[in-house]
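Morning, everyone. Have a look at the structure first, and then I'll walk you through a few places in it.

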Amino acid sequence: MNILSPSILAADFKNLGQEIRSVDDAGAQYVHIDVMDGVFVPSISFGMPVIESIRSATGRVFDVHLMIVDPVRYVDEFVRLGADIITFHLEAADDPGKVIDRIHEGGKKAGITIKPATPVSALIPFLGEVEMVLIMTVEPGFGGQKIIPECVEKVRQLRALLTERGLDTDIEVDGGITKENIKEVLSAGANVIVAGSAVFKGNTYENTAQLLQYLIDK
Ligand code: DX5
Ligand code: ZN
């Protein structure tokens, strides 16, 4: 199934609850929550109190993208705060298998992600273990960047590797997705689409509804 996951990093934070209700009302299935620690990536976004406070704004799936070093330290906390999917960076974890197990012990779905320079082959040991793989289509750290075309090719490679193994794992893409390139990433094999600027710049409800039109399974 194709899914839209609006990234609230691009939302109007003074109206965050309303922004989340708009994407929910328009039909977005997930809410993408970018947690940055200023170490794994240069920027700092938001953390626990924000997530806890927006949990009551929507029943939609909380798709938490951890851009933090040593992510295993915080898994239990994000589980407690109401994350449904927890995605961590392969590059940030000493023992990725341990992070995946910790997420599963908390009863949540595990996602693993790679930065643009990390090859898809690095994911091979974990493909049978996670519910989702996120292919970053920009350098993590900031919203509003342009998609890196080579990363779309990585989506194609990953879908082929999964299919060879008889897996239909979700592939998420994140960074620079717009109405202009969404069809291309879908046809490369992605099925969970993160969009920040494309959702929250302008009319949030209208943008969400329009993007969802591209995701309707043919
Ligand atoms: C970047 C974040 C993204 C970002 C996407 O590090 O992981 O989720 O918010 O924003 P856009 O869609 O504007 O590129
Ligand atoms: Zn993200």
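Is Lys14 buried or exposed? Exposed: its relative accessibility is 70%. Keep in mind as we go that this is a predicted model.

Lys14 has a partner. Its side chain forms a salt bridge with Asp12, and the closest N and O atoms are 3.3 Å apart. Asp12 has a relative accessible area of 28%, so Asp12 counts as partly exposed.

How many salt bridges does a search of the whole structure find? The search finds 8. Let me take two others from that set.

Next, Arg55 and Asp84. Their side chains meet in a salt bridge, 3.2 Å from N to O. Look at where the two residues sit. Arg55 is in the loop between α2 (48-54) and β3 (61-67), while Asp84 is in the loop between α3 (75-81) and β4 (85-89). The two are 29 residues apart in sequence, so this pair ties together separate parts of the sequence. Asp84 is partly exposed, because its relative accessible area is 26%.

Now Glu164 and Arg165. These two form a salt bridge as well, with 3.5 Å between the closest N and O atoms. Glu164 is exposed, at 63% relative accessible area. Arg165 is partly exposed, at 39%.

On to charge on the surface. Which residues gather in a patch of negative charge there? Asp94, Asp95, Asp101, Glu105 and Glu129. Residues in such a patch must have over 30% relative accessible area and no salt bridge. Take Asp101 as an example. Asp101 lies in helix α4, which covers residues 96-105. Its relative accessibility is 41%, so Asp101 counts as partly exposed.

Last stop: Thr204. This residue lies in helix α8, residues 204-215. Buried or exposed? Thr204 is buried, because its relative accessible area is 5%, and buried means under 20%.

What is Thr204 in contact with, leaving aside its neighbours within four places in sequence? The answer is Glu19, Ser22, Val23 and Val199. Thr204 and Ala11 are 193 residues apart in sequence, yet 8.7 Å apart in space, C-alpha to C-alpha.

To recap: we saw the salt bridge of Asp12 with Lys14, the Arg55 and Asp84 pair, the negative patch that includes Asp101, and buried Thr204. That's it from me.

How values were computed
Residues are numbered from 1 along each chain as its sequence is written. Chains are lettered from A and ligands numbered from 1 in the order in which they are written. This is a predicted model: local features need pLDDT of at least 70, side-chain atom pairs count only at pLDDT 80 or more; totals for chains, interfaces and linings use all residues. Side-chain values use heavy atoms; hydrogens and water are left out. Patches are made of residues with over 30% relative accessible area and no salt bridge: like charges are joined within 9 Å, nonpolar side chains (Val, Leu, Ile, Met, Phe, Trp, Tyr) within 5 Å. Accessible areas come from the Shrake-Rupley method with a 1.4 Å probe; for residues, only the protein chains shown count as cover. A salt bridge is a side-chain nitrogen of Lys or Arg within 4 Å of a carboxyl oxygen of Asp or Glu. Lys and Arg count as positive and Asp and Glu as negative; His and the chain ends are not counted. The place of a charge is taken as NZ of Lys, CZ of Arg, CG of Asp or CD of Glu. Helices (H or I, at least four residues) and strands (E, at least two) are DSSP runs, numbered from the N terminus. Buried means under 20% relative accessible area, exposed over 50%, partly exposed in between (1.4 Å probe, protein chains only). Contact means heavy atoms within 4.5 Å.
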